[in-house]
Amino acid sequence: MGWELIVVMVVPLVVGLASWWTPAKLSRVLSLASGLLSFVLALTLIPARSATALSGWLRVDALSVVFMVTVAFLYMTTAVFAAGDLRPGGDKRYLRRFFAGFNLFAWAMLMATAVNGFALLWVAIEITTIISALLVAIEGTDTATEAAWKYVVIASMGLGIALFGTIVLYEAGTVVFGSSYEPFYSELLRAAGRFSPELVRLSFVLAVLGFGTKMGLVPLHTWLPDAHSEAPTAVSALLSGALLAVSFYAILRFYQVSIRTLGPAFPRDILLGFGLASLVLSSLSLANQRDLKRLFAYSSIEHMGVLAVGMSFSTRIAVVGVLLHVLAHAAAKSTAFFGAGSVTNTFGTKDMRRIRGGTAALPWSGPMLLLAVLGLSAMPPFGLFRSEFLIVSGGLTDPKDAVAAVLLVLGSAATLGLSWFASQTMLTPAGRRPPSGTGVRGSSEELAPAEACPALPGSPPARSSAWIVAAMATGLGALALLGVHPPGVLSGLLERAARELGALR
Amino acid sequence: MLRLATLWTAGVPAVAPAFSPGPSRYSSVTEAITLVVLLTEFAMLRAGLSRSQVRLYAFQSFAVSVLAVFVAANNGIGELYAVAILAFVLKVVVVPAILTRLLRDAYVGLVASHRLRVATMVLIAIVVSVLAFIVIKQLPIRSPSLPTATMGIACAVILVSFLLVILRSDVVSQAVGTFSLGNGIDVANFIIAAGLPLILGVVLLFDLLVAAVVFGLLIRAHHGRARTLSTETLEQLRG
Amino acid sequence: MAGIDLTPVQIQVFQVLAIVVLAPLLSGAIEHLEGRLQGRRGPRILQPYYDLAKLFRKETLLPEDAGWVFVAGPLVAFMCYLVVPLLIPVLTAYPLPLGFMGDILGGGFILGLAGFVVALAAAQSGGPYAQLGSSRSMTFGALIEPSMLFITFTVALVTTTDLPYFEAAASRASLGQAVRPAHLLAAVAFFLVVLGDTGRIPVETHASTLEFGMIDEARLLEHSGPLLALLKWGSAMKQMILYTILVNVFVAPWGLAGSRALSAVLLAIPVLMGKAFGVGVVFAVIDNSFSKLRLFKITEFMAGAFLLAALAVVVLYLGSG
């Protein structure tokens with residue numbers, strides 16, 4: 001048991017490095033194969049109680065498998081999308097850098113879920129930062145450079161804090177293990193009851209601050225909308241669906257230790273505070289957005305807030321809901337971004353006031369984008385409805401969480417605004433363009449003529465291709481599956497993961 | 001008046017009162033070195049020239065590697081020598097060299113990017129450092145390798161490096177601020193995890209190396225675009 | 001020990017006399033060195049004595065508006081400078097009578113009083129430069145005050161008293177104490193305070209001709225004759241006092257007389273002179289290597305001194321330091 005882990009660790013790395021030399025056509029095929037393989041292997045890990053490899057340095061339990069499946073699923077669908085979005089024959093240098101970075105990015109995120117130990121977890125997340133920053137900057141425009149700079153400065157500072165938290169947690173462990181030991185999760189968890197509460201409390205706060213920066217918790221979220229809107233679409237999908245989830249996973253690892261040392265109250269309060277802040281601010285900001293991808297970025301912040309609040313309920317139902325939410329959000333958000341990418345390619349702009357008649361121009365991806373947006377607003381029958389339902393009902397079991405649960409419902413209701421915007425862009429016939437200049441804010445650059453907006457340098461502006469449609473269909477299918485009837489084996493996995501997170505009630 | 005009179009008549013006490021011997025020489029010296037690291041961080045707040053910013057960073061890294069040697073020698077941790085050498089090669093030589101080269105290509109020497117007056121910035125930084133000391137004082141940190149007061153200093157270095165990034169608006173200061181954050185964490189690492197330098201040391205140096213690569217790329221890209229090293233122009237993306 | 005033993009009172013008199021007599025010599029030596037550093041021949045080492053003698057022979061001219069404050073200022077200031085050496089270890093490692101009359105803070109207050117009366121006298125003269133100088137010197141004096149206060153706190157925390165004799169004794173007691181970061185920080189902070197207080201670059205170009213940036217020197221412009229002599233002598237003494245505190249309390253409290261023997265006390269005088277001149281060399285080198293700060297940038301300098309002093313206290317109080 002465990003060879004799957006090694007394969008998952010090796011294949012994307014090799015593919016990523018090879019993409020630097022192979023022609024774009026081959027890179028495309030390799031990425032597809034690697035994504036598919038990773039996803040299948042991650043699925044085979046679901047029934048296992050745990051898997052270990054490399055004498056304990058790689059180890060997955062139910063919790064990490066949830067996130068590994070999330071990442072691997074996105075890796076696969078994004079590879080499919082990229083195959084349609086970036087046709088070979090574009091700028092060779094761009095394609096080479098894109099495929100190398102894309103595969104390495106996925107590899108680093110898979111590694112974050114597979115490694116055993118806080119130091120290695122940090123290393124993996126640091127690698128994701130570096131690669132994703134380069135991917136954000138890849139288009140080389142002014143705004144992309146600006147977004148990448150903000151991202152790399154803010155995320156590095158956040159990771160500095162997270163590293164400090166890791167060191168403090170390590171110090172807490174020295175009481176039990178002496179001054180020299182490997183901070184494996186399982187050993188730390190077993191001994192966590194004897195740690196000094198002050199140190200664990202500090203390390204948890206630092207970890208939430210640090211990894212919360214990468215997860216996009218308000219008020220540490222400022223880089224997120226910029227990076228998401230400026231990155232190439234495939235990267236935006238990975239950032240939003242996978243990277244944020246992986247950062248959340250890191251916080252959950254610290255959470256596991258903290259509840260054993262401190263009891264549930266303190267970690268809950270911290271998560272609740274950050275979660276509510278994210279929920280409220282992002283719901284309010286949603287209404288202000290005119291940029292399609294920024295709109296989805298704020299929706300990501302909102303869903304991260306839901307995750308944090310849900311985690312703070314800490315009942316079994318709520319925690320299962322949170323983990324399901326991670327999966328469903330990945331599926332829905334990636335589909336939405338794919339649709340946005342397809343719309344952007346067609347209309348040459350991300351400004352929603354200039355996009356009209358989407359369903360007419362894009363007969364396949366247009367409607368699917370609408371469905372994904374409905375899914376993101378937690379409408380039945382999609383997965384996010386089920387997960388938010390679980391979270392809210394988990395919260396309502398405890399009267400003191402009821403207020404937060406109600407807030408969560410209201411926050412989700414606010415995101416219906418998102419559906420409103422999106423449906424306008426899609427359903428309003430193309431002839432009825434609003435007169436230009438009616439912008440609410442920041443209008444001057446955003447209303448530049450559509451022709452001036454550069455298309456992706458890697459591709460001739462494609463309309464909608466079968467690849468894109470396939471990627472979106474896969475995402476929607478998964479989202480619907482999670483909503484209508486999650487497979488039994490998956491439910492079992494989520495239950496086990498919730499138990500690992502100390503949610504027994 | 002009475003006291004004066006007695007002093008006058010009683011003459012001289014034979015010897016000065018006995019003092020507590022004070023801290024050991026090792027802890028005095030190591031604390032002094034960590035303080036040098038902190039003071040360099042303060043100097044970065046002030047430094048006007050991008051070039052001197054890089055030099056200060058090199059100097060600070062040098063102090064950190066000297067500290068590593070001291071800790072290694074006093075506690076008999078062989079691996080820390082390796083960390084010290086690596087830190088020296090990377091942070092004192094390679095990274096400053098790369099940054100200096102980037103700056104030479106950028107033709108921008110003087111960057112007046114202080115968002116506040118220097119004296120105000122220093123006062124804020126003092127307050128922040130005191131805060132760090134007080135917080136760390138509350139924690140039951142027992143270091144096998146260094147005096148515990150250094151933990152407060154390391155934490156102050158980290159916080160002041162945040163200030164550096166926040167209060168300076170040029171690319172070099174922000175980059176150097178992020179790197180020197182690494183130096184502060186390095187010191188914290190020597191204090192807490194000196195027994196396990198391999199894993200955390202690799203973490204830190206790795207962090208630095210890749211960060212340098214990313215920053216180098218970005219500084220170049222940024223300069224190629226904006227023809228200036230100031231981040232004031234980075235304000236297209238809002239909301 | 002063979003030889004003559006002095007009474008403590010006699011030694012105390014020696015301390016004061018050493019400062020009074022040697023201060024112009026120290027100034028002359030530093031001036032001479034500076035001249036050499038700048039490639040000039042420089043004034044004679046004994047030049048300050050000749051200057052003083054000449055000034056004492058001249059008549060005193062009073063500005064029209066000047067009253068008794070103008071006359072009393074230099075006298076009071078000179079007396080202040082006579083009192084301070086009683087409180088600090090000039091020649092001996094052990095405390096002398098009246099040595100506990102005031103602590104470091106007391107000494108600082110007396111020096112402050114001297115500065116204040118000089119500024120007052122200058123202000124009464126009605127001369128624009130003198131008034132500018134006095135207002136500036138009071139402003140920067142106020143800015144340097146917090147640093148001085150924190151240095152005092154450091155001394156107090158290290159020795160549990162704030163008597164300069166004991167800070168010196170503590171440093172002598174163990175090398176660990178002397179290289180202790182709090183002690184080093186306080187010493188450097190005090191060095192900066194001295195730099196500012198004696199009107200040196202980067203705060204002010206000393207011994208300059210008329211210029212807008214002048215601070216301390218401007219205060220003397222309206223005085224003449226014996227009053228000016230007293231002021232000049234006073235500032236030489238102030239310089240020597242501050243150097244003495246710097247070396248004998250903070251940096252190098254070694255080489256002081258350990259007994260009451262006349263020979264030991266006499267030997268301490270050239271040692272003190274040597275150490276003070278050593279400080280003077282450092283100051284002269286700084287003078288020649290840096291440029292003056294703009295007047296409005298002096299706050300940065302003061303903030304630097306305050307940073308060091310505050311860190312010293314923080315390290316000591318919150319760490320083991």
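A disulfide here is a pair of cysteine sulfur atoms within 2.5 Å. Searching the whole structure with that cut-off turns up zero disulfides over all chains.

Before you click around: this is a predicted model, where local features need pLDDT of at least 70 and side-chain atom pairs count only at pLDDT 80 or more, while totals for chains, interfaces and linings use all residues. Residues are numbered from 1 along each chain as its sequence is written, chains are lettered from A and ligands numbered from 1 in the order in which they are written, and side-chain values use heavy atoms, with hydrogens and water left out.

Select Cys155(B), which is buried at 10% relative accessibility (buried is under 20% relative accessible area, exposed over 50%, partly exposed in between, with a 1.4 Å probe and protein chains only). Then hop to Cys80(C), buried as well at 7%.

**Salt bridges in chain A.** The whole structure has twelve salt bridges over all chains, each being a side-chain nitrogen of Lys or Arg within 4 Å of a carboxyl oxygen of Asp or Glu. Pick Asp226(A) and Lys150(A): their side chains meet in one, 3.1 Å from N to O. Asp226(A) lies in helix H9 (residues 223–230) and Lys150(A) in helix H6 (residues 142–177), so the pair ties together distant parts of the chain, 76 residues apart (helices are DSSP runs of H or I, at least four residues, and strands are E runs of at least two, numbered from the N terminus). Asp226(A) is buried, at 3% relative accessibility.

**Over to chain B.** Select Asp170(B) and Arg168(B), a salt bridge with closest N and O atoms 3.8 Å apart. Asp170(B) is buried at 1% relative accessibility, and Arg168(B) is buried with a relative accessible area of 1%.

**Last stop, chain C.** Which residues gather in a patch of positive charge on the surface? Show Lys54(C), Arg57(C), Lys58(C) and Lys232(C). Patch members have over 30% relative accessible area and no salt bridge, with like charges joined within 9 Å; Lys and Arg count as positive, with the charge placed at NZ of Lys or CZ of Arg. Zoom in on Lys58(C), in the loop between helix H2 (47–57) and helix H3 (68–87): this lysine is partly exposed, at 47%.

Key. Patches are made of residues with over 30% relative accessible area and no salt bridge: like charges are joined within 9 Å, nonpolar side chains (Val, Leu, Ile, Met, Phe, Trp, Tyr) within 5 Å. Accessible areas come from the Shrake-Rupley method with a 1.4 Å probe; for residues, only the protein chains shown count as cover.
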